[in-house]
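Subject: Structure handover

Hello,

Please find the structure below, followed by notes on what was found in it.

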Amino acid sequence: MPAKYAIHTKPAPHRFEPVTRSGIIAWEEGCLKCPVCVKKRCVYGVYDHRGMDPRQMIDSIDNRCMNCLRYVQGCPKELIHTSINPEYRAMGDSHWTPDIIASLWSQAEKGSIPVSGAGYPGPFSGPGFDAMWTDMSEIVRPTRDGIHGREYISTAIDLGKTPGYLLFNDEGGLEGDLPLLLNIPLPIILKMPAFGAISPETLTGLANAAKRLGTLFSLPAAKIDETLNDFHPWLLPVVLAEDAGQGNTPDGVRVVEVPWSDGWQRVVNDFMTSDPSRLIAVSVPMTSGMEERALSIAEAGVPIIHLMGNMSGRFLDDDGRYIKDGIRSLHLKLIESNIRDGITLLVSGGLSMAEHVAK
């Protein structure tokens with residue numbers, strides 16, 4: 001496979017032991033004291049390394065068992081049992097389920113494609129993005145072409161505003177200025193988490209990942225310092241209205257984001273005037289009435305609109321409305337106004353699985 005179609009990864013160990021699905025119950029009463037205990041025959045050596053993890057104060061066995069069930073079937077007195085680890089069951093919430101969190105941990109550790117050969121185990125439909133069905137034939141039948149074959153599927157997108165029409169001169173050349181577009185090879189922009197302790201090293205790592213992938217890393221403009229000097233073309237600073245004009249958008253930045261506020265239009269006009277070569281995005285909270293706000297942004301000439309939902313994949317002011325429905329509502333509003341093709345929509349919040357990006 002050509003290098004431009006591949007993201008090269010290598011395993012990276014977890015900073016902390018992940019909580020896995022299985023829990024072990026080993027009854028000592030009635031043990032026959034077999035010369036070779038099934039615990040010693042574990043192919044993963046779970047019992048060889050069992051102990052208390054001092055960092056998390058949990059028994060290491062619950063985090064190492066691989067669910068082969070050899071110890072359950074092999075114990076002559078049937079003293080060893082497996083069950084759902086209560087710590088695993090308690091993780092996350094209805095949107096970020098334990099299975100999704102465990103899958104994300106595995107992907108982060110291995111960098112592998114999350115494909116399972118056991119088939120689809122869940123319901124055939126659900127809320128939000130899970131209400132959408134896709135044809136996964138290229139994944140479940142990769143021998144036909146798919147991820148291991150000859151057929152390359154472009155994931156590249158253009159950020160910016162495409163013109164409604166093109167004019168050419170008699171020599172076949174394009175009249176007027178070329179449209180301001182930024183092509184990124186993945187429909188994914190990295191974003192600084194809104195929670196947790198974010199060190200300068202973490203920001204540098206995210207910026208480096210954006211550079212290697214050819215995409216962008218969104219972060220508050222106030223977080224950009226000299227440690228990120230080598231990554232300016234891959235940064236997407238978010239500039240608050242009260243901070244605009246203070247020189248905190250470094251040279252080389254190709255896209256700037258302005259949050260929706262009373263002063264958003266003044267900040268956007270200042271950016272467009274001072275540096276027309278930069279793309280401008282305006283972020284809009286996904287709430288009731290967002291369609292009219294987004295339409296006013298588009299009519300002001302802003303090429304990129306960023307819709308922000310909550311971490312559960314829903315509207316910020318209505319837990320019963322999903323991001324998917326908000327995207328569709330704004331999409332149809334822009335079509336009705338005959339400006340959809342000239343606007344790039346970015347969406348963030350609650351995209352918990354890789355397939356949500358494709359949907």
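To begin with a cysteine: the sulfur of Cys-75 lies 6.8 Å from the closest cysteine sulfur, that of Cys-37, which is too far for a bond. A disulfide is taken here as a pair of cysteine sulfur atoms within 2.5 Å. The sulfur of Cys-37 in turn has its closest cysteine sulfur in Cys-31, at 6.2 Å, again too far for a bond. By this rule the count comes to zero disulfides.

Some background on how to read these values. The model is predicted, so local features need pLDDT of at least 70 and side-chain atom pairs count only at pLDDT 80 or more, while totals for chains, interfaces and linings use all residues. Residues are numbered from 1 along each chain as its sequence is written, and side-chain values use heavy atoms, with hydrogens and water left out.

On accessibility, buried means under 20% relative accessible area, exposed over 50% and partly exposed in between, with a 1.4 Å probe and protein chains only. Cys-75 has 12% and counts as buried, whereas Cys-37 has 27% and counts as partly exposed. Of the 359 residues of the protein, 33% count as buried.

The secondary structure comes to nine helices and 13 strands. These are DSSP runs numbered from the N terminus, helices being H or I with at least four residues and strands E with at least two. Contact means heavy atoms within 4.5 Å. Among contacts between residues at least 6 apart in sequence, 59% join residues at least 24 apart.

The loop between strand E3 (58–59) and helix H1 (70–74) holds Leu-69. Phi of Leu-69 is near 65°, a positive value in a residue other than glycine, and Leu-69 is partly exposed at 32% relative accessible area. Cys-65 lies in the loop between E3 and H1 as well, but Cys-65 is buried, at 7%. Leaving aside neighbours within four places in sequence, Cys-65 is in contact with Thr-20, Ser-22, Ile-24, Val-46 and Tyr-71. Cys-65 and Arg-21 are 44 residues apart in sequence, and their C-alpha atoms are 8.5 Å apart in space.

Another positive phi, near 60°, belongs to Asn-338, again a residue other than glycine. Asn-338 sits in the loop between helix H8 (323–336) and strand E13 (344–348) and is exposed, with a relative accessible area of 71%.

For aromatic pairs, rings of Phe, Tyr and Trp (its six-membered ring) pair if their centres lie within 6.5 Å; planes under 30 degrees apart count as stacked, over 60 as edge-to-face and the rest as tilted. By this rule the count comes to one aromatic pair. The ring centres of Trp-260 and Trp-264 are 5.6 Å apart and the planes are at 25°, so the pair is stacked. Trp-260 is partly exposed at 30% relative accessibility, while Trp-264 is buried at 7%.

Finally, the second largest pocket. A pocket is an open set of points on a 1 Å grid over the protein atoms alone where a 1.4 Å probe fits, with protein on both sides within 12 Å along at least five of seven lines; lining residues have an atom within 4 Å of a point. The second largest pocket is lined by 21 residues, and those nearest its centre are Lys-161, Pro-163, Leu-178, Pro-179 and Leu-180.

Regards
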